[in-house]
Amino acid sequence: MSMDPFLRSSFLMVSIGLTTMWIAHIGVSPECVQRFLAIPTLSDSRKVVWIFGIGHIIIKLCSVYNGLIVYGKYEDCDPVSDGRVKKADQVFAYYVLDVASSIPGLSGLFVAGIFSAALSSMSSCMNTLAGTFYMDFVKHRYPSLSDETGSRIMKMLVIFIGTTCLGLVFVVEKLGNIFSLGISIGGVTAGTLLGIFTLGMVCPRANTTGARWGAYVSLAIVSGIVLGAQLNIMQGNLKYPSLPLNVHGCNSSDFGNVTSIILNEHHDNSSVPWIFRIGFMYYSVIGMLIVFIVGYPVSLLTGGHDDIDERLLAPFLRGWYRNQRKAKNLTKIVRKDQEMHLFLGTPKDIPSDK
């Protein structure tokens, strides 16, 4: 288990980096939070998280199994090295066409399934983003807008977001492997978002100013890291060695007596600044840490925050915070507004004062 942060992938990197990213996605991302708010009680939301987790594990295991099947099929002749496909992202689709070509309609069914799943996920994400933008920026500034006008605005926002995503397709195809690119871009916002929520849950004195500046600095730094890394990858300055790719079973005469290929085996990345060589799975962790490093000191310098509802803190801190307030002879604060009811559930889900 390597501790080197400059590797493309390692057990430690996957365990820490992707865990942080998935906590952000499931716990605090708008698309998941909106679904949780649609559930009647907090206890039911916890059940949904367990169901989602189990289902997600099953899907991931199926994905790994698919990878093993594809590897077994092309173990002796890598289709990318042989020229049958241009990128590693195309291997699985090529496998389906290669294996299912003798069964009429099966390859088309596979493509239809891929598009159905992608469009379903994309539509919910675009609707969530449009709703979040409308409530936080438009409705907040113009509270008297009618529901009909709001519906039209959100529809236009969805069209704009969809058009932007479609245009970015032509940019993404120039940036290399879609797996690393997706995690890199997702890490920019995932770490910042998780850092904001975690800062509020574990630091009672954190305030809005600290969280805001922590988010600004986190987004700027991680975005710079991602942009610099991708530019170096595009220019060929940053490369990582691959595992050996067998070609001894290929019919092509281009390989001669070569039995295996290792791409970029001896490439020297030392000319690239160290910050751009950090493993892409660590981006979400870096973003979260920056929010803490910047947000908490700024909160203290701007007066902090003393009077908060203890239910907004992590469960293991509530008793400590309650004792701190009793030692200062301060009364307990219990917010009863609609926002607290939505996020913390009905009274039966709220911890008692005992």
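Good morning. I begin with a term: a residue is called buried when its relative accessible area is under 20%, exposed when that value is over 50%, and partly exposed in between. Leu106, a residue of helix α5, has a relative accessible area of 36% and is therefore partly exposed. Its C-alpha atom lies 8.5 Å from that of Val96, ten residues away along the chain. Please keep in mind throughout that the model is predicted.

Let me turn to the protein as a whole. The secondary structure consists of eleven helices and two strands. Reading from the N terminus, the order of elements is α-α-α-α-α-α-α-α-β-β-α-α-α. The protein has 354 residues, and 29% of them count as buried. The exposed surface comes to about 22,400 Å², of which carbon and sulfur atoms supply 67%. As for contacts, consider those with a sequence separation of 6 or more: residues 24 or more positions apart account for 68% of them.

Two packed helices are described by the angle between their axes and the distance between the axes.

The pair that comes up here is α1 with α2. Helix α1 covers residues 11–27 and helix α2 covers residues 30–37; their axes come within 6 Å and cross at roughly 40 degrees. The two helices are therefore oblique to each other. Which residues of α1 meet α2? They are His25, Ile26 and Gly27, and on the α2 side the partners are Glu31, Cys32, Val33 and Phe36.

Next, α5 and α6. Helix α5, to which Leu106 belongs, spans residues 106–141, while helix α6 spans residues 147–172; they pack at about 125 degrees with axes 9 Å apart. This pair is therefore oblique as well. The crossing of α5 with α6 is right-handed. On the α5 side, the contact is made by Met126, Asn127, Leu129, Ala130, Gly131, Phe133, Tyr134 and Val138. From α6 come Gly150, Ile153, Met154, Leu157, Val158, Ile161 and Gly162. In terms of class, the contact of α5 with α6 divides into eleven nonpolar residues, four polar and no charged.

Finally, α8 and α9. Helix α8 runs over residues 208–234 and helix α9 over residues 283–301, with an angle of about 150 degrees between them and 7 Å between their axes. The contact of α8 with α9 contains 15 nonpolar and seven polar residues, and no charged ones.

Two residues of α9 deserve a separate word. Pro297 sits in this helix and, at 36% relative accessibility, counts as partly exposed. The C-alpha atoms of Pro297 and Gly210 are 7.3 Å apart, although 87 residues separate the two in sequence. Leu300 is also found in α9; its relative accessible area is 37%, so Leu300 is partly exposed. From Leu300 to Gly210 the C-alpha distance is 8.0 Å, across 90 residues of chain.

That concludes the presentation. Thank you.

Notes. Residues are numbered from 1 along each chain as its sequence is written. This is a predicted model: local features need pLDDT of at least 70, side-chain atom pairs count only at pLDDT 80 or more; totals for chains, interfaces and linings use all residues. Side-chain values use heavy atoms; hydrogens and water are left out. Axes are lines fitted to C-alpha atoms, for helices over the stretch in contact, and angles run from 0 to 180 degrees between N-to-C directions. Helices (H or I, at least four residues) and strands (E, at least two) are DSSP runs, numbered from the N terminus. Angles under 35 degrees count as roughly parallel, over 145 as roughly antiparallel, 65 to 115 as roughly perpendicular and the rest as oblique. Contact means heavy atoms within 4.5 Å. Buried means under 20% relative accessible area, exposed over 50%, partly exposed in between (1.4 Å probe, protein chains only). Accessible areas come from the Shrake-Rupley method with a 1.4 Å probe; for residues, only the protein chains shown count as cover. A crossing is left-handed if the near helix is turned anticlockwise from the far one by less than a right angle, and right-handed if clockwise. Ala, Val, Leu, Ile, Met, Phe, Trp, Tyr, Cys and Pro count as nonpolar, Asp, Glu, Lys and Arg as charged, and the others, Gly among them, as polar.
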